[in-house]
Amino acid sequence: MDLRQLGSSGPRVSAIGLGAMGMSGMYGPADETESIATIHAAMDAGVTLIDTGDFYGMGHNELLIRDALRSSGRGRDEVQISVKFGALRDADGGWLGNDARPQAVKNFLAYSLGRLGTDHVDIYRPARLDPDVPIEETVGAIAEQIQAGHVRHIGLSEVGAETLRRAHAVHPIADLQIEYSLISRGIEAEILPTARELGIGITAYGVLSRGLISGHWRADRATAPGDFRGISPRFAAGNVETNLRLVEALRAVAEAKGATVAQTAIAWVLAQGESIVPLVGARRRERLSEALGALDLKLAADDLAAIEAAVPAGAAVGDRYIAAQMAHLDSEK
């Protein structure tokens, strides 16, 4: 497994990380046994970065990772665990806002450490910017947890360039977790150049746009209860058909390379710079194996040009999230 450095202050991690969110119901029901087997397969393949959130399945995701690590026969320090915190939810799965106050940092972290069965989190980050709390206060509180030995590195998620600068002035930021794919390229204008200037890595989620550009999605595919793609603008009738035409154009490029659509889309993200680590949200071993095949796909300049011609920047239709969730994205302001 190739390794990449997460920014100038962060850890060296596998060139592809595993995003575990989908293993806790965000895309509908998941098979827990298969989820654990997929985490084991990822570790066996050399994946060292596992990303989660304390609100994924109301703590279920962290408990799942704990069980997978315990049953893997591997040591805790063979992986880096990245945890997002601060999103508030109710018993019905609704979203209630974000809490990134210093006292909330300590509270959420204590519960995460207990669920994960570990004494430290490798990268700790607020899931969204709390508009009521200066980012300097949140970062300062996480920095105190580094001094206490409970956290190794600080990350951020979905923040804009100005917030990134303010946070980094308080304590070095290892990485920014943000959506980045062939059809989500908003970071290229200001956020990505700022991260590079400051020596901050990028962990890119949504590299397959939640399966939309995986090559496996169909316009008539039904979504299960609890699968948020059922309300996602890019999957909505009228939009999904347009977006899937882009996928078919990408498929032609992929087949010419002897690769799958998913591998080509992931390889494109990998090719955007050594400071970028794609997170793949595989829930099954077969999807993980396909995604990791992107590491063997080398894209030359003419390949990248063909991909860009197939899926031009800004060609996709529909926002990344519904309007209420878009309003919480500092990266979109």
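Predicted model: local features only at pLDDT ≥ 70, side-chain atom pairs only at ≥ 80, totals over all residues.

Student: What is the volume of the second largest pocket?
Tutor: The volume of that second largest pocket is about 350 Å³.

Student: And which residues lie nearest its centre?
Tutor: Those are G186, I191, S331, E332 and K333, out of 23 residues that line the second largest pocket. The helix α5 (161-170) and the strand β10 (175-179) each give two or more residues to this lining, and α5 gives the most, with 3.

Student: How do the lining residues divide into nonpolar, polar and charged?
Tutor: The lining of the second largest pocket has 11 charged residues, 6 polar and 6 nonpolar.

Student: New topic: where is R234?
Tutor: R234 sits in the loop between β11 (201-205) and α7 (239-256).

Student: Is R234 buried or exposed?
Tutor: R234 is buried, yet has no salt bridge. The nearest side chain of opposite charge is E179, 4.0 Å away. The R234 side chain does reach the backbone oxygen of I183, at 2.9 Å.

Student: How many salt bridges does the structure hold?
Tutor: There are 25 salt bridges. Some are linked: E158, E179, R210, R320 and E332 belong to a network of them.

Student: What about E290 and R287, how far apart are they in helix α9?
Tutor: E290 and R287 are 3 residues apart in α9 (residues 285-292), which means about one helical turn separates them. Their side chains meet in a salt bridge at 3.9 Å, N to O. E290 is buried, with a relative accessible area of 13%, while R287 is partly exposed, at 29%.

Notes: Residues numbered from 1 in each chain as written. Heavy atoms only, no water. 1 Å grid on protein atoms, 1.4 Å probe; cavity = no way out; pocket = protein on both sides within 12 Å on 5 of 7 lines; lining within 4 Å. Points joined across faces, edges and corners; volume = space filled by probe spheres on them. Helix = DSSP H or I, 4+ residues; strand = E, 2+ residues; numbered from the N terminus. Nonpolar A, V, L, I, M, F, W, Y, C, P; charged D, E, K, R; others polar. Buried < 20%, exposed > 50% of the residue type's maximum accessible area, 1.4 Å probe, protein only. Lys, Arg positive; Asp, Glu negative; His and termini not counted. Polar contact = N/O pair within 3.5 Å; in protein donor to acceptor, adjacent residues only side chain to side chain.
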